[in-house]
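The following exercises concern a structure that is shown below. Each task is followed by a solution in steps.

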Amino acid sequence: MALFAVLQTTFLLTLLPLRTYQSEVLSEPLPLTPESLKVSINSTKQCLHLQWTVHNLDYHQELKMVFQIQISRFKASNVIWMGNYSTTVKRNQVLHWSWESELPLECAIHFVRMRTMVDDARIPAPRFWSNWSSWEKADAQNSLGDHPLYVFPKDKLVEEGSDVTICYISRNHQDNISCYLEDELTYGKQLDQNVWAFKLKNVSFHRKTGTNFYCKGQGVPEGVVLFVSKVLEEPKDFSCETRDLKTVTCTWDPGSDTGLIQLPSYTLFESFSGKKTLCKHRNRCDWQVTQDSQEVYNFTLVAENYFRKRSVSILFNLIHGVHPLAPYNLFPKSVSATNATMSWKVSSIGHNSALLCQLQLLGEGKVIQQHNISVRVNGEYLLSELKPDTEYVARVHCAYADHFWKWSELISQNFTTAEAAPSEAPDVWRDVTFVSGHPTVTLFWKPLSKVHTNGKILFYNVVVENLDEPSSLEVLSVPAPANSTKVTLNRSSYQIYVTAHNSVGPSPASAVAISGHPENENVEEGRVNGTEDGFHMSWKPQSRNATGYVVEWCDDPQNLPCVLQWKNLGPTNTGTVISSDAFRPGVRYDFRIYEISAKGMAHLLEKKAGYLKELAPSYNPEVATINLTSHSFTLSWKDYSTESQTGFIQGYYVYLKSKTGEKCHREFEKTVLPDNSVGCKYTIDNPDQKTFVVKDLQPESVYEFFVTPYTSAGEGPLDDFTKVTTPDDYSHILTHIILPMIFCVLVVTITCYLKSQWLKDKCYPDIPDPYKSSVLSLIKFKENPHITIMNVNDCVPDAIEVVNKPEGSKIQFIGTRKSPTETKGTKPVYLDLLPTEKNYSGPGPCICFENFTYNQAASDLGYCGHFPVTPQAPHCQLGPLTSPENLLKTLEQNYMNSLGEIPAGEANLNYVSQLASPMSGDKESPPANPPEPALCSEYKMQMAIPLGLASPAPSKNSSLSSTALLDPSEHCH
Amino acid sequence: MLPVAGEPAAGDSWGMLACLCTVLWQLPAVPALNRTGDPGPGPSIQKTYDLTRYLEHQLRSLAGTYLNYLGPPFNEPDFNPPRLGVETLPKATVNLEVWRSLNDKLRLTQNYEAYSHLLCYLRGLNRQAATAELRRSLAHFCTSLQGLLGSIAGVMAALGYPLPQPLPGTEPTWAPGPAHSDFLQKMDDFWLLKELQTWLWRSAKDFNRLKKKMQPPATAVTLHLEARGF
């Protein structure tokens, strides 16, 4: 029983799974498990590549299936991504799927597993996920070497602006590693024990050689280069054309460079034909037209690089886009003076299609003719109405005649037409001068304009025909480019013909008639005003038969010889405007107007002078100062030419300044000078007046003057003033009269002085006249008017001076130049008595100085001592003023003291001039400070002592006692 | 340290250099140099020395341009990584005692071999340069270096030394190694320029020494070689 039970249980247990299996097979599809899962690493693209198969499928079965994939990093449990992949699966099909990792795969171990589920509509629901496959490991680190540091991803290509994750693996945990993007320190995130990751956002382009990211520890730095590509731009201006209906050329603007060494690829697709071609250039692509006569093309240009694909399309009609090749071999087939036949060739298009060619003729850079010609292979056209000896440019371009779209490139060819004879006579004028009565004619002619030369002028022919001798012809040939020649003629009438010659022939002749006699130059000169247009001038015709007029002038009259200019005018003209580029402001131009007679003779009609624009004078005259007197001087600037100035000189300004700055002289006006100083100005309004007299000046005064001319444009430049000093009024007298007189007086004086003694002796010897003594008059005035001779008794001395002359004292002789020995017995001698302190008594001494010129004989016996005779004065001078210096001082001092208080004990000196007689005039009026009687008598005794009465002549050894002179009986009271 | 110099001067004398190189290249072929009584190898040594100094100057300019082209850190003045992985380059640095112990022949042979290798690598550098201007500068320098090589050969010939013959299979070839990352390639370029400059210094010293040795003592002229930081 027990055994039965066991068997039953075992059977049931065996049947249970079978039951289960049967129910599943019948009711649900079997789960299809992915098998043979393999994971590989693509380091370049940083992709995990999965490869697997699904078994258990019928041979003909195709099922749509979903694969669920899980990816883990570092460890299987760390799932970082999970996603589904749907595809149709066949039996034994190897399936592929890739996953791009943000983190470089070398930096981490990755694990992958998947499961599957049938997702086919033919299989009824419900559907079940199969079991997970086992984890497959992807480990890129196995392939690394033994370097201490690795940085990944290697050499990654990224687009500018994208984000990149960079990681490093450090084998040395102790190493302190820092990483840099270019030269900027970058901070990362630690993913594992030895793995760090750096997320670089918005990477930018640095250079074609890539952006460097490197890490460095203690060893060799390790790094990667990120090749950053600029964003690929869409091609712009995509267009196509054909040059020959055989090749279509498409062009475009690729935009800016992506900055990588690897250039983007450009491919041209044509949708109608389904063909494509890889372009060899980044901006141009050629497409070969096949023989199937496809006319319309739908081109698509695809630009592609690692990151992007850009495309642009265009619908192109072959016939409408024909741009013919440039014609070639353009040349002038035949060229004459006025015609040229141009020939050229074109490249054939298609099947003998015609081209429309345009031939242009350019002269002096401008299109002057344009012709359209239909051309198949060779083009030819005759250009007419050309000018001789003229350079032209012929150019041609062509377009497709059936449908014009674009001209071909231009080709051009220069050619020059042939020469022809000059078409116009040269414009000739003459200048006639007479040398020794013979006319010398200088012929001038103007070069023919290019329009008329028709070639290069080689020479000019001058034919001189003597009208008085018709058979006489003289021919001169003047080689070009000369424009004048000189011919000497006789006193006959001449006709001169001038022709210009080029290689083809002569021009029409130009004739000039010469009379052979001097012309009338006595014509009044007028003035003409210049304007911006030139000189407007008019004249009065003199003859009704004038065939024309000529105005002549010099373009540059300041430089000689004159380059003669002239202007021909018709007979109806009575005025013209003379203009020239050579005209300059401030230059005087002289115009001569000639009238041309019917015989071709020229007669001077008028002269005119003018300035295009008058300027202020450029320089001032050199002014000379003449006739300088104390009250005037004359200014002269006669050398100043009024003709060659920068304007018509209207007059002169004379500026005058004086040092004193006084008022301006008459006719001068006060003005402020350009240097802000004030001066006087006189205006001379006659340009021919070149002298000016400055009058009414002060003698011995400094004046400054300055003369400047003025024109209608202003006055001359401000120069330095010239100084003039007027002389003294009497200087001439001094010079002519006084100085000679002084000289004469000096001579006479010297002579007289030298001969004074002689003169005196001869003319007025000294005759003593006692009656004329002033002393006498004084006495007479005082007491007895009748007394005429002074007696000794009349003299009342006020004081008696007792001179106690010690022995040995010497008596000095004064008043003569001769030595005492010479004067002995012949000259009166004065004896000076000086008070001494020892013998002085009384209220005061009285010392009188006598006039020696008056009485020399008696004075030496004078009552009063006059001069101190000192032993130190061996030679006494004639006058008192020649006394020794110390004496003079003493005298002066004492005299001054006598006028005031006299100190006690001091001697008073009172000088009385005999001639001046001071007291005689002052007697009636009391003196302001009358002298004290006790001090001194007013008058000193002066006596004329005859020579015979004179005491023995003093000598050095003689001594004269005063007592002998001062006898009491003779004492005056 | 590589000095970062500016671009070569606009008036850099191509003509002068070409003339100099031509003259130096032709030196071995000048019969006068081999005659008895000739001035000897002195003038050619002097010219080789001058060319070495000129190349130093030229390399400073080229290196500045090229390192800027590589970008940081290669153009940084203080970038001085350990020398690894560039064993193929001839190493210029040598122990002073070893250098002193070298004889003239060995010295010249080493110079010749080194520049032969460096010239080959330099031409490879030129091929991969991205800009036309850089290619022009590199080509210019290669021409100059070729001249120096010829000059050394001339000196060796004048002194009677045979030119070293490259062993078969050891000729240096340049190939963009696929195993190399771009960063390592840049590092190689950096080391190439650095070794080149070190070799030029060494050559200047070598030729200066040789020049002194060949000159009579009375007329000896001392030339000081200034070694500057790389």
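**Exercise 1.** Which residues are linked with A:R588 in a network of salt bridges?

*Solution.* A salt bridge is a side-chain nitrogen of Lys or Arg within 4 Å of a carboxyl oxygen of Asp or Glu. By this rule, A:E525 and A:D590 are linked with A:R588 in such a network.

The model is predicted: local features need pLDDT of at least 70, side-chain atom pairs count only at pLDDT 80 or more, and totals for chains, interfaces and linings use all residues. Residues are numbered from 1 along each chain as its sequence is written, chains are lettered from A and ligands numbered from 1 in the order in which they are written, and side-chain values use heavy atoms, with hydrogens and water left out.

**Exercise 2.** Describe the salt bridge between A:R308 and A:E159.

*Solution.* Step one: the closest N and O atoms of the two residues are 2.5 Å apart. Step two: A:R308 lies in the loop between β22 (296-304) and β23 (309-317) of chain A, and A:E159 in strand β9 (residues 157-159), so the pair ties together parts 149 residues apart in sequence. Strands (E, at least two residues) are DSSP runs, numbered from the N terminus. Step three: A:E159 is buried, at 10% relative accessibility; buried means under 20% relative accessible area, exposed over 50%, and partly exposed in between (1.4 Å probe, protein chains only). A:R308 is partly exposed, at 31%.

**Exercise 3.** Is A:E233, which meets A:K236 in a salt bridge, buried or partly exposed?

*Solution.* The N to O distance of this pair is 2.9 Å. A:E233 is partly exposed, with a relative accessible area of 25%, and A:K236 is partly exposed at 36%.

Notes:
Helix = DSSP H or I, 4+ residues; strand = E, 2+ residues; numbered from the N terminus.
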